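Colleague: I've got this model open on my screen. Could you walk me through how to read it?

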Amino acid sequence: MITQVKTVSPEAIEEAAALIRAGELVGMPTETVYGLGANALDENAVKKIFEAKGRPGDNPLIVHVSSVKEIPALVREIPAAARKLMDAFWPGPMTLILPKADCIPSAVSAGLDTVGIRLPASEAARALIAAAGRPIAAPSANRSGKPSPTTAQHVFEDMEGRIPMILDGGACEVGVESSVIDATGEIPVILRPGGITPEMVQEVIGSVSVDEHVMSPLSEGDVVRSPGMKYKHYAPKAKTVIYDGAPENVIAAICARYDALIAAGEKPAILGFDEHDFGGRTVISLGSVHHADDAAARLFAALRELDERGETAALCEAVDPHGIGLAVMNRMGRAAGFDIERV
Ligand code: TXA
Ligand code: MG
């Protein structure tokens with residue numbers, strides 16, 4: 001199969017929408033990361049997503065809509081707190097877990113009684129869903145276990161020959177996947193942190209809880225509330241360690257470790273902030289230390305770059321885990337198997 005990459009235009013969106021209606025897969029931009037979209041109501045189309053990604057069948061997909069009007073047909077109930085979150089943060093980088101209606105194929109929900117719904121901020125994404133005339137099921141468009149794609153080129157690297165078309169909408173603004181929030185009860189539970197932060201949810205609802213597995217690895221026998229937590233994610237080939245502490249301690253510890261790795265014949269790289277001086281050692285930038293959203297936008301591309309350059313070790317500066325910093329630390333933590341050195 002030839003994979004065509006087309007820049008977003010009315011014609012390209014129409015072509016992509018026709019592919020979705022025909023039961024095919026399309027790589028699509030969103031404000032968070034690129035998605036691998038299919039008609040959410042077509043079980044056969046949805047199964048192609050799992051094949052193309054190499055995704056385990058017990059990991060459910062998010063259903064994307066172009067308007068809140070499409071939601072009542074997809075869920076059994078919209079609890080009051082969910083309604084408030086929708087009003088406050090949609091369109092935007094937030095997925096709400098709600099009780100699913102029967103029309104959602106079990107391939108989408110992986111047999112669960114709930115479904116994740118998202119109304120993306122990306123205009124191209126909404127235009128595609130509206131043109132297709134169907135909700136679009138879309139996981140991140142990476143091969144399973146690779147970092148999520150934040151450019152059309154990343155999607156091409158992972159999906160060339162597996163899908164007919166990628167819509168190129170430029171680099172994703174947010175850069176980490178949507179916040180996944182269980183909104184089936186009275187108090188929202190953040191299952192995956194993202195651009196809609198615990199602080200923002202707290203402000204609207206008055207309470208929020210964050211699942212314990214957001215910042216800790218799973219142990220044998222742990223029960224997970226979101227299947228995605230079980231799987232190793234975002235793992236670069238480089239052995240990845242995070243350094244957390246006062247900046248001067250972090251910089252000193254990273255430089256010392258870097259030099260020891262060089263002496264041992266390894267090929268290390270530092271994921272660090274622009275304001276910090278690593279004395280000419282190899283650095284992949286996480287942007288400004290003052291802007292956690294820079295790190296969010298750059299992290300996945302940085303992890304891919306490690307592999308492209310054949311780095312064998314990655315030494316990462318921790319980010320303050322507040323606001324979107326929590327999402328950055330969750331993804332970086334998973335890439336590092338939560339190997340965090342406090343210095
Ligand atoms: O930003 C995003 O959310 C992107 C773009 C394309 O919209 N999509 C995305 O999908 O990240 P994916 O499949 O890579 O991640 C979805 C996560 C998985 O961890 C999955 O386990 C969880 O959401 N999830 C989906 N449905 C769920 C459900 N019913 N209950 C609990 N967790 C669910
Ligand atoms: Mg994913």
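**Around the ligand**

Modeller: Let's begin with the ligand: 24 residues lie around ligand 1, and Thr32, Asn59, His64, Ser178 and Gly228 come nearest (near means a heavy atom within 4 Å). Keep in mind that this is a predicted model, where local features need pLDDT of at least 70, side-chain atom pairs count only at pLDDT 80 or more, and totals for chains, interfaces and linings use all residues. Residues are numbered from 1 along each chain as written, chains are lettered from A and ligands numbered from 1 in written order, and side-chain values use heavy atoms, without hydrogens and water.

Colleague: Which residue has a polar side-chain atom 2.6 Å from an oxygen atom of ligand 1?

Modeller: A polar contact is a pair of N or O atoms within 3.5 Å; within protein, one must be able to donate a hydrogen and the other to accept it, and sequence neighbours count only if both atoms are side-chain atoms. Here that residue is His64. A polar backbone atom of Gly228 sits 2.7 Å from a ligand 1 oxygen, and a side-chain N or O of Arg118 is 3.0 Å from one. The protein covers 97% of the 680 Å² of accessible area that ligand 1 has on its own (Shrake-Rupley, 1.4 Å probe).

Colleague: How many salt bridges are there between domain 1 and domain 2?

Modeller: A salt bridge is a side-chain nitrogen of Lys or Arg within 4 Å of a carboxyl oxygen of Asp or Glu. Between domain 1 and domain 2 there are two. The side chains of Arg304 and Asp158 also meet in a salt bridge, N to O at 3.0 Å.
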